[in-house]
Structures are given as C-alpha cells and as structure tokens.
Amino acid sequence: MFGYKNLSFSKMWVNKHKPKKLEEIVGNKKVIEGLRRYNWKKPLLLYGPTGVGKTTLVEALANELNFDLVEINDSNIENSRGIVQSHSLFGNRKLVFIDNVDRIHDIRTVTKILKESRNPLILITSDFKSKRLATVKKLCQKVQMKRPTSASIIKLLRDICEKEGIEVRGKILKWIAENASGDVRAAINDLETVAKGKNSIGEEDMGLIEE
C-alpha cells in the first residue's frame, strides 16, 4: 500500500490529471463549443489570465479534431514557413500553435506565418494588451478565456481527491479554490502540497500553503 501511494505521487498532479478531452476542461464552456464549430478561415488568438488552461485547451482540441499538434517557438521559428505550409507525414492536418506569442523575439516572422499558414493556427497570450501584438490582433479571430468559478474548481479538486483515494473533511477545497482566484494550475498545485502523503485532508492543513 505504501509503495502504491508513492507511485501515485511520482508525477505532478497538474500533469497527471491534465484534461485529455474538451469536456474535461474546467469552465469556459462557450469558448469550447465555439472552437468545436470554428471554420478556421482565420488564425485564432486565445488570450486570458495565467493558469486558466489555454495550452491545455489547445492540446485537448487537437486530440478531439485528430490534428497533429505542432508548436512554433523561438528555437524553430526560422524554419516555420515549411511547418505551417505542409501536412503531417501521415496525412493528418496540423494544428500549429504559438504559446506566449507576445514573448516571441521575431514578431515579424509571426506575422508572415499568420498570412501564409495552410493549417489551422492558434496563438496564445496572457498579455493581450501588449503593443507587440497590434498587427497580430488584426489578423486573428480573438477568443477570450476567463477565470473559472470557484465552484467549478472545487468540483475538479474533489474529483482529483477521489482518484487519489483521499478523504476530504470540512471546507479545505473551498479555501484552496478561493485562494487560487481562478488559477486552475495554482489550485491543483496547492491541493498536491496539502494532500501529499496523506489519506485525508481537512481545514487544519491550510497552513501548509503560503499565501
């Protein structure tokens, strides 16, 4: 039993319990339904606060659409024209995405990619007001992700506790969810900090989290 519990904590929970399907994403249901119906005539600029699940949403979307997910970043942007204009080796469509696009050094090449891509393209940013994105915004369909409610985060945390075999006492999950202020990733990390190595958690464990 002890060895099994160690195994269950061998991987960070934020990765271990990452959604694989769109219906598993916390909050932003209207955004999800809109992406399912999107015609991909324009690239998407997905923006919202840190930790709301933007990258996770893109990964789940690629899974549902059976697209091969290809990331462009500073290390491969010089060769990106070939990436965005070709199909995958097995004939699948690519879903090309650029995470933290506001931090990409060569923003001019990003603009060229937006104009030349033959594959669906999603850009992600947590800094929608960045002046570097002025041209990018004009070329993209803009989609905002908002912070999920505390109630939806509580449900997620409770589901994780059930999967990990952890009993929940009192209002500890409510406190974690509210303390995270809509940051799903932070809430899961805090839950792991509180619950690691335990069979049950309660309000007496709140002090383990630094505010």
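Colleague: Of the 211 residues of the chain, what percentage count as buried?

Modeller: This is a predicted model, and its chain has ten helices and seven strands. Among contacts between residues at least 6 apart in sequence, 76% join residues at least 24 apart. Of the 211 residues of the chain, the share that counts as buried is 45%.

Colleague: In what order do the five strands of the open sheet lie?

Modeller: The sheet is open, and its strands pair in the parallel sense. Its edges are strand 2 (68-71) and strand 5 (141-144), each of which pairs on one side only, and the twist averages 25° from one strand to the next. Read across the sheet, the order of the strands is 2-3-4-1-5.

Colleague: Which residue in strand 3 is the bridge partner of Val70?

Modeller: Strand 2 is an edge strand, and its parallel pairing with strand 3 (residues 94-98) runs over four bridges. Within strand 3, the bridge partner of Val70 is Val96.

Colleague: How many of the five residues of strand 4 are buried?

Modeller: Strand 4 has parallel pairing with strand 3 over three bridges, where Ile98 has Leu123 as its bridge partner, and with strand 1 over four bridges, where Leu46 stands opposite Ile124. Both faces of strand 4 are covered, with Leu121, Leu123 and Thr125 buried on one side and Ile122 and Ile124 buried on the other. The number of buried residues in strand 4 is therefore five of five, with buried meaning under 20% relative accessible area.

Colleague: At about what angle does helix 4 run to strand 4?

Modeller: Helix 4 (residues 54-65) lies across strand 1 (44-47), strand 2, strand 3 and strand 4 (121-125). Relative to strand 4, helix 4 runs at about 165°.

Colleague: Is Thr56 buried or exposed?

Modeller: Thr56 is found in helix 4, and, leaving aside residues up to four places away in sequence, Thr56 touches Lys18, Pro19 and Ile25. Its relative accessible area is 16%, and because the cut-off for burial is under 20%, Thr56 counts as buried.

Colleague: How far apart are the end C-alpha atoms of helix 10?

Modeller: Helix 10 (residues 184-195) has twelve residues, which at 1.5 Å a residue should span 16 Å. The model agrees with that expectation, because the end C-alpha atoms of helix 10 are apart by 16 Å.

Colleague: Which elements do the buried residues of helix 10 pack against?

Modeller: The buried residues of helix 10 are Val184, Ala187, Ile188, Asp190, Leu191, Glu192, Val194 and Ala195. They pack against helix 2 (13-16), helix 8 (150-164), helix 9 (172-180) and strand 7 (200-201).

Colleague: What is the relative accessible area of Gly197?

Modeller: Gly197 lies in the loop between helix 10 and strand 7, and takes a positive phi of about 80° just after the helix. Gly197 and Ile166 are 31 residues apart in sequence, with their C-alpha atoms 9.7 Å apart in space. Gly197 is exposed, because its relative accessible area is 58%.

Colleague: How many disulfides does a search of the whole structure find?

Modeller: Cys140 counts as buried at 2% relative accessibility, and Cys161 is buried with a relative accessible area of 1%. Over the whole structure, the number of disulfides found is zero.

Key
Residues are numbered from 1 along each chain as its sequence is written. This is a predicted model: local features need pLDDT of at least 70, side-chain atom pairs count only at pLDDT 80 or more; totals for chains, interfaces and linings use all residues. Side-chain values use heavy atoms; hydrogens and water are left out. Two strands pair if DSSP finds at least two bridges between them. Helices (H or I, at least four residues) and strands (E, at least two) are DSSP runs, numbered from the N terminus. Axes are lines fitted to C-alpha atoms, for helices over the stretch in contact, and angles run from 0 to 180 degrees between N-to-C directions. Contact means heavy atoms within 4.5 Å. The expected span of a helix is 1.5 Å times one less than its number of residues. Buried means under 20% relative accessible area, exposed over 50%, partly exposed in between (1.4 Å probe, protein chains only). A disulfide is a pair of cysteine sulfur atoms within 2.5 Å.
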